[in-house]
Amino acid sequence: RFRLSRRPIGCLAGRRGFAAMKISVYYSPDPDKFAELEVDPSDTVKSVKQKIIALYGPPEWANTALLSVHGTKDYFDNKRRLAQCRVQQGDSLKFVYARNLTQEEKLDMNMQGIETEEFPLPDQAQIRTMPPRPLPY
């Protein structure tokens with residue numbers, strides 16, 4: 001559930017003195033696993049991610065972490081403050097580990113028939129349909 005604030009975005013961001021709030025952060029595929037965190041509206045998304053990473057270390061394959069309102073895929077930017085993301089007392093967030101694929105990994109997956117989003121081929125990759133010419137020596 002996502003509650004909208006009536007205040008303008010960012011009006012609380014960066015201001016000290018606001019009471020801490022409790023939020024739930026679901027961090028596992030198991031729907032019963034979550035952490036109750038006490039945070040401040042001026043805390044950054046990155047700081048919340050760091051708290052969860054300390055509790056639930058990353059798998060070997062992961063190279064990034066994502067945080068969103070539970071039930072959505074609208075991920076928050078690391079530099080934004082919780083107030084700017086309209087996170088409020090009692091909200092539920094979802095934390096997941098992910099992997100940003102390199103161009104080579106995307107190409108390899110596509111060659112195996114696994115679809116990924118469209119991506120440009122690197123400049124150095126040229127596809128030739130003709131056999132190589134023999135060298136003249």
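Colleague: Two strands count as paired if DSSP finds at least two bridges between them. Which residue in S4 is the bridge partner of Val 25?

Modeller: Leu 93. This is a predicted model, where local features need pLDDT of at least 70, side-chain atom pairs count only at pLDDT 80 or more, and totals for chains, interfaces and linings use all residues. Numbering starts from 1 along each chain as its sequence is written, and side-chain values use heavy atoms, without hydrogens or water.

Colleague: Why is S1 largely enclosed?

Modeller: Because five of its six residues are buried (under 20% relative accessible area; exposed is over 50%, partly exposed in between; 1.4 Å probe, protein chains only).

Colleague: New topic. How many salt bridges are there?

Modeller: Two in the whole structure. The term means a side-chain nitrogen of Lys or Arg within 4 Å of a carboxyl oxygen of Asp or Glu. Asp 43 joins Lys 51 at 4.0 Å, N to O. Arg 99 joins Glu 105 at 2.7 Å, N to O.

Colleague: Is Asp 43 buried or exposed?

Modeller: Buried, at 18% relative accessible area. Lys 51 is partly exposed, at 31%.

Colleague: And the other pair?

Modeller: Arg 99 is partly exposed at 39%. Glu 105 is partly exposed at 25%.

Methods:
Helices (H or I, at least four residues) and strands (E, at least two) are DSSP runs, numbered from the N terminus.
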